[in-house]
Amino acid sequence: MTAPVRFAVSCEDAYDYLVDPANRAAWQSSLRGVADVVGPDGVAGQSWTDLTVARVNPRMELTDADRPHRWSERGTWRRFHATLTLTFVPAGEGCDVGVTMHLQATGPARPLALALGRVAPAAVRSDLKRAARILAAR
């Protein structure tokens, strides 16, 4: 878990923006877009494919959706599996968004997953800061 990121909007506004796959490319630096969205927005079971800059295209699934408190997603690509959980806590006139991330892989990909797992939290935190700036400018 990394330190939470302060958003200048309500938990509901931050949650709704971050959980929507259509918004992902605007705030996630690694994404070119999403494709193959299946299911209603923000409902556990919704799935989509992340189209990344690195051409690694994991299949994503929203596994937990408790608006506006928490959501979790799981991504799978070949031997790699990642889970990301965001939590939303009121803070003053805005909210703090906390993040927990786990990255793992099987077989020969395991050492790479361990290395990526060390740098990924900083990248996710940077992306959340970008999202906070986008929402503050609205």
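A disulfide is defined here as a pair of cysteine sulfur atoms within 2.5 Å. In this predicted model, the number of disulfides under that criterion is zero. The sulfur of Cys11 has its closest cysteine sulfur in Cys95, at 4.3 Å, which is too far for a bond. Both cysteines lie in the interior: Cys11 is buried, with a relative accessible area of 7%, and Cys95 is likewise buried, at 0% relative accessibility.

The largest nonpolar core comprises 25 residues, and those that touch the most other members are Phe7, Leu18, Trp71, Leu86, Phe88, Val97 and Leu128. At least two residues of this core are supplied by each of β1 (2-7), α1 (11-19), β4 (59-66), β6 (80-91), β7 (94-105) and α3 (110-136). The largest share, six residues, is contributed by α1. When residues up to four places away in sequence are not counted, Leu128 is in contact with Val5, Phe7, Leu18, Trp27, Leu86, Val97 and Val99.

The largest pocket has a volume of about 830 Å³. Its lining consists of 30 residues, among which Ser30, Pro58, Ala82, Met101 and Leu103 are located nearest the centre of the pocket. Each of α2 (24-27), β3 (47-52), β5 (70-77), β6, β7 and α3 provides at least two lining residues. The largest share of the lining, six residues, belongs to α3. Classified by residue type, the lining contains 18 nonpolar, eight polar and four charged residues.

Note on methods. Residues are numbered from 1 along each chain as its sequence is written. This is a predicted model: local features need pLDDT of at least 70, side-chain atom pairs count only at pLDDT 80 or more; totals for chains, interfaces and linings use all residues. Side-chain values use heavy atoms; hydrogens and water are left out. Buried means under 20% relative accessible area, exposed over 50%, partly exposed in between (1.4 Å probe, protein chains only). A nonpolar core is a set of buried Ala, Val, Leu, Ile, Met, Phe, Trp, Tyr and Cys residues joined through side-chain atoms within 4.5 Å. Helices (H or I, at least four residues) and strands (E, at least two) are DSSP runs, numbered from the N terminus. Contact means heavy atoms within 4.5 Å. On a 1 Å grid over the protein atoms alone, a cavity is a set of points where a 1.4 Å probe fits but cannot get out, and a pocket is an open set with protein on both sides within 12 Å along at least five of seven lines; lining residues have an atom within 4 Å of a point. Grid points are joined across faces, edges and corners, and a volume is the space filled by probe spheres set on the points. Ala, Val, Leu, Ile, Met, Phe, Trp, Tyr, Cys and Pro count as nonpolar, Asp, Glu, Lys and Arg as charged, and the others, Gly among them, as polar.
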